Every structure is written in structure tokens, then in C-alpha cells.
Amino acid sequence: MYPMSVEHRSLEEESSGKRNSIATINKEMAGTGFKKNYGTAYDDDEEEGGCCTALITVFSCILILLTFPLSIWKCIKVVQEYERAVIFRLGRLRSGGAKGPGLFFIIPCIDTYRCVDLRTGAFDVPPQEILTRDSVTISVDAVVYYQVSNPLAAVCNNDDYNRSTKLLAATTLRNVLGTKKSFGNLIRT
């Protein structure tokens with residue numbers, strides 16, 4: 001039989017909500033020949049923590065218990081239906097993928113999180129001055145619609161995915177229109 005592509009997921013994975021988990025991403029990347037050259041969301045969980053991490057976590061939990069009535073307001077966070085939260089504990093991505101929608105628990109001293117909006121975003125590409133091959137200068141602008149499908153990749157693999165999308169759209173617009181042979185070909189397409 002032919003190997004399944006990355007786009008096909010089993011019904012169990014879809015129904016259990018693990019499409020954004022690290023294990024699922026590792027399984028998908030195994031068949032593509034992707035080589036991990038950096039340490040982000042694709043790390044193994046075998047090295048998760050150590051003596052120092054456990055000590056800091058225990059100390060933080062004790063601190064939460066000692067200040068329980070006040071600390072509970074800092075520990076429980078809410079993520080809307082259209083958002084996902086990517087949680088880092090001591091700088092490392094927590095296992096389980098993106099959390100949400102609903103309530104989730106963080107330890108304020110050692111956890112940080114970043115919410116990613118999954119709604120469709122839109123922006124205007126600034127007008128681009130393009131010189132065609134027959135030396136005609138034209139000004140073209142565009143509108144781009146985008147949607148984040150993988151919150152882990154949006155947070156871990158990009159510094160600012162909104163800015164990256166804007167720059168990619170402007171560059172693609174220039175490249176596509178700059179390769180047209182003449183102004184007449186540009187108008188026909």
C-alpha cells in the first residue's frame with residue numbers, strides 16, 4: 001500500500017483532540033524526512049526536567065498552597081473558544097500541545113503562556129512598485145487572509161507570525177508580478 005500523507009489523520013486522533021500535540025507532530029514529521037536541527041516543539045520528552053526543575057516546581061507548589069486563597073486567581077486562566085494557549089514551563093514547551101478552549105492551570109512562578117488567535121486574520125499589503133520586463137512601472141496592492149492552523153508552530157517556529165505573513169505576502173506579490181514578460185501579459189492574468 002502507499003504510505004499515508006501528513007494530511008490524513010486517524011479518526012481516534014481527531015476525536016481525542018490531539019491534533020496539536022507534540023507526539024502527533026513527531027509522528028507526522030517522521031515520514032517526511034524532516035531532520036531536527038534545533039530544539040523547539042519537536043523535542044523528545046525524555047529529558048524533561050531534572051533535579052533543579054523538580055526542586056523549583058515543588059517550591060512553587062508549596063508557595064501556592066501557603067498563599068492559597070490569593071494565589072488561585074493567578075493560577076487559573078481562561079482561553080476563549082477561538083484561542084489556544086501554548087504553555088512553557090521554565091522555558092520548555094509543556095507536553096500535551098496547545099491548551100484550550102476553557103480553563104487551564106499554570107504555576108505563576110515558573111509557567112509562561114502565549115495565546116494564539118485561531119480566527120481568520122486579514123491585512124492590506126502595502127502598494128508595491130513593480131517594474132515589468134518591458135520597463136513599465138505599475139503599483140499593485142493586495143489583501144491577504146490567513147488563519148493559524150497549528151498554534152505550536154506559530155509560537156515556537158516564528159518570532160512574530162503576523163509580521164512574517166505580511167512580509168511573505170509582499171515578497172510573493174513582487175515575485176509573481178515581476179516575472180511576467182510584459183504589461184500586456186500582466187493585464188490578461
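Colleague: Happy to look at this with you! Why is Cys51 called exposed?

Modeller: Cys51 has a relative accessible area of 70%. Exposed means over 50%, buried under 20%, and partly exposed in between, with a 1.4 Å probe and protein chains only. So Cys51, at 70%, counts as exposed. A word on the basis: this is a predicted model, where local features need pLDDT of at least 70 and side-chain atom pairs count only at pLDDT 80 or more, while totals for chains, interfaces and linings use all residues. Residues are numbered from 1 along each chain as its sequence is written, and side-chain values use heavy atoms, leaving out hydrogens and water.

Colleague: What makes Cys156 buried or exposed?

Modeller: Cys156 has 18% relative accessibility, so this residue is buried.

Colleague: How do you know that Cys51 and Cys52 are too far apart for a bond?

Modeller: A disulfide needs a pair of cysteine sulfur atoms within 2.5 Å. The closest cysteine sulfur to that of Cys51 is in Cys52, 7.1 Å away, so the two are too far apart for a bond. The structure holds 0 disulfides.

Colleague: Thanks! And what makes Leu90 partly exposed?

Modeller: Its relative accessibility is 38%, so Leu90 falls in the partly exposed class. Leu90 sits in the loop between S2 and S3; its phi is near 55°, a positive value in a residue other than glycine. Helices (H or I, at least four residues) and strands (E, at least two) are DSSP runs, numbered from the N terminus.

Colleague: Which residues make the nonpolar surface patch?

Modeller: Ile76, Val78, Leu103 and Phe105 make a patch of about 410 Å². Strands S1 (76–79) and S4 (102–105) each give two or more residues to it. Leu103 is found in S4 and, at 65% relative accessibility, counts as exposed.

Colleague: Where is the cis peptide bond?

Modeller: Gly100 and Pro101 are joined by it, with omega about -5°. Pro101 lies in the loop between strand S3 (92–93) and S4.

Colleague: Which residues have the most contacts inside the largest nonpolar core?

Modeller: Val86, Val116 and Val125 do, in a core of 23 residues. The term means buried Ala, Val, Leu, Ile, Met, Phe, Trp, Tyr and Cys residues joined through side-chain atoms within 4.5 Å. Strand S6 (121–131) and helix H6 (161–178) are among the elements that each supply at least two residues, and H6 gives the most, with 5 residues.

Methods: Patches are made of residues with over 30% relative accessible area and no salt bridge: like charges are joined within 9 Å, nonpolar side chains (Val, Leu, Ile, Met, Phe, Trp, Tyr) within 5 Å. Accessible areas come from the Shrake-Rupley method with a 1.4 Å probe; for residues, only the protein chains shown count as cover. A salt bridge is a side-chain nitrogen of Lys or Arg within 4 Å of a carboxyl oxygen of Asp or Glu.
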